[in-house]
Each structure stands twice: as C-alpha cells, then as structure tokens.
Amino acid sequence: MKLKNYLLSLFIIALSIPAFAASDKHQGPAWQSTEKNFSINQIRDLALIYQGGSQRIPWTEDQIEPYVVHKFANGKKNWLFDGFLFLEFADMPECNYAPGYRGKRDARKDDWQRYLDRMFEKDKALDALNSCIEHQKAAIGDPGFKHKVVITLPTPMPHQKDWGEVNGKKLDFDKVGDAKIACQWYLDQLTDRFAKAGFNNLELSGIYWVDEDMWHLDGFTKHISPYIHQLGLQFVWIPYFKAKGFENWRELGFDIVYHQPNHFFNKNIPDSRIDEACSLARHHGMGMEFECDENALFQKENSSYDRMNAYMDGFWRHNVFTDAAIAYYTGSHLMLDFIKNPCPENQAIMDRLATIIVDRRANPSLLPANKKSKK
C-alpha cells in the first residue's frame with residue numbers, strides 16, 4: 001500500500017508459496033479460515049485520504065467531491081463513503097511521521113503542530129469535506145447520517161531525543177512515559193480543535209496508528225489506547241499483509257483493524273493472494289482493505305484495471321461485501337483521476353464499486369448492534 005509494502009512484496013510472495021504447495025486437495029489451502037466472523041464497525045466504508053504532506057494535493061471541495069458522492073452513467077448521484085481516514089506518513093522531503101520513509105529526519109513537535117494546522121485549514125481537508133457534504137445535501141438530499149472521520153496520530157519515533165518539550169519537560173521517546181505525553185498533547189489539541197470547528201456534517205470517530213507493523217514500537221499502542229478510549233474514540237490500524245503483530249491486534253489495544261492483501265501493486269502476485277488475505281482476516285476477526293491506485297485507469301499503459309476488478313470478485317467470493325468493514329486505499333486521488341479521465345471503462349468500474357458501496361449502506365448487519373437503529 002505504501003513504500004515499504006512495495007519493497008516487501010517479493011519477500012511476501014516467497015512466504016506465501018509454501019502454504020499452497022503443502023495444501024491438501026480435499027481440505028483446501030493450509031491458510032483457509034475456520035473462524036466465523038470478519039469485523040464490522042460503525043463505519044462501513046472508510047476512504048483513505050492522504051493529506052498533510054507538502055507533496056499532496058490540498059483537498060479542496062472539488063477534489064474531495066468524488067469521494068463524497070458518485071455520479072453514475074445514467075446521471076444519478078448517490079452518497080459514497082460514509083467515513084474518511086485522513087492520514088500521512090511523511091512531509092516530503094522534510095520529515096517522517098512514521099518509521100521507514102524517506103524524509104530527512106523524524107518529525108518534531110513543530111511538525112506535528114503543522115500537520116494539525118493543515119488538517120484544519122479553511123476550505124481544505126476537513127473544512128472542505130464538511131462544506132462538500134452540505135452542498136451535496138442541497139442537491140441530493142440529507143444522507144441520514146453524519147460522515148465519520150478518523151485522523152492520524154504521528155508515531156513517536158524510537159530513539160528520538162529532539163522532538164521537543166511539553167510543559168517545560170524535554171521528551172525522550174525511548175521512555176514510554178515521554179512518548180505517551182507527546183501523544184496525549186497531540187490528541188488533546190486534535191479533539192479540542194475538532195470540537196471548536198463546529199463541523200455540522202462530521203463526527204470525529206477514531207484515531208489511526210500510521211505505522212503498518214510492530215517492528216519498531218511493538219506494544220506501545222496498548223499504552224496509548226486507554227487515553228484514546230477515554231476521549232470516546234476508536235483506535236484504528238491497517239497492517240500490511242501478514243505484518244508483525246497483525247494477529248495480536250486486540251492485545252495491542254486496537255478496536256478495528258483492516259488487513260491489506262497487497263495484491264494490486266505487483267502483477268507477479270496471483271489472485272489467490274486476495275483469497276488468503278480474506279481468509280486470514282476472517283480467522284483473526286479483522287476487516288479488509290480494498291486496494292487500487294492510478295494504475296487502475298483503463299487508459300494507463302500496462303493498466304491494472306483487471307486487478308481492481310479481481311478485488312471485487314475476490315471480496316464477493318469471501319462475503320467481504322456482505323459481512324465486513326472495509327477500508328479503501330485508492331492511491332493519492334484515484335477517484336478524482338477517474339473523473340479527469342472519462343471513458344466507458346472507467347465509468348463502468350467505478351459504477352460497479354459505487355453500486356456495492358451504496359448497497360452496503362442498506363445492510364443493517366454491517367453495523368454493530370448498538371448502532372443499528374441509525375442509518
């Protein structure tokens with residue numbers, strides 16, 4: 001899904017081959033799930049919006065509109081995603097918000113502050129999303145729900161000594177207590193600013209842990225999770241395929257976790273990877289991530305259009321669309337790219353995906369029991 005996933009792809013292929021080779025033809029692959037349930041969540045369909053780094057588009061109202069509503073080939077519009085994850089892993093080329101990226105240094109306190117400032121900038125990001133929903137309500141009617149928002153918590157980097165101070169105390173991120181102080185400082189600012197912004201169409205629903213494995217801060221999340229819950233928010237994670245710690249997500253303090261197949265990006269990975277990822281997610285009680293990017297455009301040279309369709313086919317095979325919470329990775333801005341590159345094929349694949357999302361909103365079994373009374 002992100003840079004390190006591409007680097008790991010060949011290694012992951014090698015790991016997955018033996019499971020197929022050892023499978024019994026009567027029993028199915030060795031990884032086949034015997035667990036009953038995927039995770040469901042108060043957000044059925046969560047769109048990933050990469051925002052905050054200087055390398056990103058500003059996410060004005062026009063830019064975010066294709067994620068809020070979809071216009072079908074017959075001209076009809078309908079609401080699309082019911083949740084939005086605003087995330088960032090680096091402000092390129094300056095600094096990293098998570099380990100393993102190519103910024104010049106680890107993000108400091110002023111970088112965390114700048115990230116928040118960009119999130120709340122007028123006519124962009126959250127403000128643009130809120131305004132877009134308001135304008136679409138006037139055009140197509142009230143959706144019957146508030147759109148939910150999940151926002152990234154930057155990673156307190158291991159061994160970092162130069163992050164800065166809170167209340168006159170210089171923080172050392174090799175100390176769990178100091179890392180917690182920084183995270184709590186950030187979360188307090190975030191929740192306070194969101195409440196004061198007065199977004200009438202948005203609800204702050206969760207906090208996202210942006211590091212996609214537990215190699216660097218194994219176990220730290222369970223220390224910050226109680227504070228996130230104290231704020232009335234969910235703790236959200238999207239580990240890459242078989243990432244370290246993915247099977248122990250509950251013990252790590254998370255409330256909802258989406259498993260990445262990491263199939264779309266490498267044509268040497270067979271479609272059976274989607275089957276394996278879905279089965280593992282069901283076995284461990286997770287949700288699923290749907291993956292595509294600008295290479296899904298039909299006009300693209302060596303297009304991955306068919307691989308995007310393969311996700312939809314695979315998710316139907318494993319009842320993901322009827323039984324699971326889903327997060328949608330669409331590159332930097334694929335929904336906008338589809339609008340800018342009109343052709344019957346691009347319209348058709350987006351109509352197919354949008355129809356699924358619209359139908360999922362009418363499925364009450366996709367909401368937890370205490371949420372089923374709400375649309």
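Two strands pair if DSSP finds at least two bridges between them. Helices (H or I, at least four residues) and strands (E, at least two) are DSSP runs, numbered from the N terminus.

The model is predicted: local features need pLDDT of at least 70, side-chain atom pairs count only at pLDDT 80 or more, and totals for chains, interfaces and linings use all residues. Residues are numbered from 1 along each chain as its sequence is written, and side-chain values use heavy atoms, with hydrogens and water left out.

**Exercise 1.** Determine which strands pair with β8, and in which sense.

*Solution.*
1. Locate strand β8 at residues 147-153.
2. Strand β11 (residues 202-209) pairs with β8 in the parallel sense, over seven bridges. In this pairing, His 147 stands opposite Leu 202 of β11.
3. Strand β4 (residues 83-87) also pairs with β8 in the parallel sense, over four bridges. Here Phe 86 stands opposite Ile 151 of β8.

**Exercise 2.** State how many residues of β8 and of α7 are buried.

*Solution.*
1. Buried means under 20% relative accessible area, exposed over 50%, and partly exposed in between (1.4 Å probe, protein chains only).
2. In β8, seven of seven residues are buried.
3. In α7, ten of twelve residues are buried, among them Ile 274, Cys 278 and Leu 280.

**Exercise 3.** Compare the span of helix α7 with its expected value.

*Solution.*
1. The expected span is 1.5 Å times one less than the number of residues.
2. Helix α7 (residues 272-283) has twelve residues, and 16 Å is expected.
3. From first C-alpha to last, α7 reaches 16 Å, close to that expectation.
4. Just after α7, Gly 285 takes a positive phi of about 70 degrees.
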